[in-house]
Amino acid sequence: MPPFFRRLPGAYLLLAALVATGLAYAPGLTGGWFFDDFPNIVRNPDVQPSRFGLAEFVGAALSSPASELKRPLASLSFAADAALFGLEPLGWKLTNLAIHLANGWLVFLLARALFEACALRGRGIADAGRVAALVAAGWLLLPINLTAVLYVVQRMESLANLFVLLGLLGYVRGRLRMQSPGGDGFGACVASLLGATVAGLLAKETAILLPLYAAIIEAVLFRFGDGSRRDTRVLALFGAVLVLPGLVGAAVLVPWLANDATWATRDFTLATRLLSEARIVTGYVGWTLLPLPRSLSFYHDDFVVSTGVFSPWTTATSLLALAASGAAAWYLRERRPLASLGIGLFIGCHLLTGTVLPLELVYEHRNYFASFGLLLAVVPVLALPARASARFAHAMLGALLLGWAALTLVTAYAWGDPLRLAAELAARAPDSPRAQFGYGRELLAHSDYTEQSPPLREGFAVLERAAAMTGASILPEQTMILTRSLMRAPVDERWWDSLIAKLAARAPRSENVEALGALTRCARDRRCELPAARMDAAFAAAEAHTPVNANVLVAHSDWAWNVAGDHALGKRLVEEAVRARPTDADARITLARMNLVLGDTEAVREQLDALERLNTAGRLDPAIADLRRLLGPP
């Protein structure tokens, strides 16, 4: 232990870490909304209710567009912040910081409990409280964890992990009580795993890994028994909370993953995703322990997908590195249980988001828990090295802590202003279409929308470059078209050509669908004039892919009904959307309103019956009541 740290009790060291973390994040608290904050919060009226009745409460809880499971606990926390702070991001970011600090405290308690469990195996940790505080300090200050704090919507991740850490802490404490003569902590173990997993799942699906983390801790430190024999209760517990759900999940996932439509909107297949994630997961180790600004760029759409074991060659080395890490974890479980446990937790954390699910390939926030595993493996070695290497190890630990704090502070400063953040991310990821688009759009937002405005000219130049990049969405073209239309200025026909060609080339991703929706809304609200022939061609290109995206059909219906005045086409398109996605209440409400206009009362009642079946806990009551009022008595 470095001499300076030896003078501080663990609690004081943790307090200093919490204060340092608050200071490091302070410059970023003044920033604005970012990326997925807009669909999940800013443009989501359900998390901004004007009053809180049962229907509004349920509507807020089930309002998330990010997941089929809706993440109700996270959404309700957004609604609470909306009630307290309106749409001023400062209060929301302060809430995120408070959750992060609470998680840091739990990391300290969990690390200390794990050190106590190591002592039972004859591998005790000297100065356990101080070393646990150093683990927590490093975790709190890691730059890779920054997006879980300053990117408001990632409260879903930090809140889910609050329950994961609570669950693991309760489980380890229960198992420690079970190791003492006459101790009975099995009930606490069961309650911790079940209760925390359910609560965490209400914030984000990543909490489903809690039983896996507990099983890894069990395999390394407790060995599913009391030191002399296996405990059948523990084995049965993991059979119930891990093995059985895993088998059920696999039975559900396999047919879905085997369906080509599951991968239609992605640039990778199941095989190329698995190969790519080997490089990504090994890369996360460097991003966590020795981070560079270029790696922590938020946008990673410029990542080159692995197409074979040797394409690129780093795929093979990454696969070998992962295999070696697994072997090392097994080999070290007796000699260095903390290193073994840390490796296991890191790899285990990525088994959900870094394997077969067709999610986007790379995100820093996926390491929010995984980074704890790495620090658990590294920090005790550096804090308590062999005497011969103590000075070097302590210097390295000090340098790492200072380096992590400095990069977090610098990055937080960039997050404190939208234009500064966009410029920083564009500089960190010069080959990322999303990063360049974000910078160009922010430049336009900071212009006065006149031809002479330097930010406007620079913004268009950046957007032109972004549009030409490989893999770019239609967002650059859409933004340039809308901006020129709103300015009542000529629109470059090349932008339309490029937009339509991209929609024809591949099934539309969510950002392309949102771009079409934004074009439609601008024309519908009479804020801009868009050529009907070009919009028709864009929708035709987007709908040429099988299966047709239901959201594209809804946007096209909006255009046909409200802009083109073609009610028959508008109705037919939204009917197709309802057939494609029968549980889409918004599409059914739209269809019911169309039928009201057309005087088809039977069709309205058909949709009302369907909405009643979808009306979970009364969340659709206001919409249903409004439709019944407009329909009148039978």
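Predicted model: local features only at pLDDT ≥ 70, side-chain atom pairs only at ≥ 80, totals over all residues.
1. A nonpolar surface patch of about 300 Å² is formed by L15, V19 and L23. One of its members, L15, sits in helix α2, which covers residues 10–25.

2. Next, a helix pair. Helix α25 spans residues 550–563 and helix α26 spans residues 567–580. Their packing angle is about 165 degrees, and the axes lie 8 Å apart. Angles over 145 degrees count as roughly antiparallel, so α25 and α26 fall into that class. The crossing of α25 past α26 is left-handed.

3. Now the charged pairs. Side chains of opposite charge can pair when their charged atoms come close. With a cut-off of 4 Å between a side-chain nitrogen of Lys or Arg and a carboxyl oxygen of Asp or Glu, the count is 34 salt bridges.

4. K502 bridges to E477, with the closest N and O atoms 2.8 Å apart. This pair links distant parts of the chain, as the two residues are 25 apart. K502 belongs to helix α22 (residues 493–505), and E477 belongs to helix α21 (residues 475–486). Both K502 and E477 are buried.

5. D584 forms a salt bridge with R581, and the closest N and O atoms are 2.5 Å apart. Are the two partners buried or partly exposed? D584 has 14% relative accessibility, so it counts as buried, the limit being under 20%. R581 is at 27%, so it counts as partly exposed.

6. E602 pairs with R605 in a salt bridge whose closest N and O atoms are 3.7 Å apart. That value is within the 4 Å cut-off. Both residues lie in helix α28 (residues 601–614). They are three residues apart, about one turn of the helix. E602 has a relative accessible area of 54%, so it is exposed. R605 is at 26% relative accessibility, so it counts as partly exposed.

7. Which residues are linked in a network of salt bridges? The members are D267, E360, R434, R506, R509 and E511.

Terms used. Residues numbered from 1 in each chain as written. Heavy atoms only, no water. Patch = residues over 30% accessible without salt bridge, like charges linked within 9 Å, V, L, I, M, F, W, Y side chains within 5 Å. Areas by Shrake-Rupley, 256 points an atom, 1.4 Å probe, with all protein chains shown as cover. Helix = DSSP H or I, 4+ residues; strand = E, 2+ residues; numbered from the N terminus. Axes fitted to C-alpha atoms, helices over the stretch in contact; angles between N-to-C directions. Parallel < 35°, antiparallel > 145°, perpendicular 65-115°, else oblique. Left-handed = near helix turned anticlockwise from the far one by under 90°. Buried < 20%, exposed > 50% of the residue type's maximum accessible area, 1.4 Å probe, protein only.
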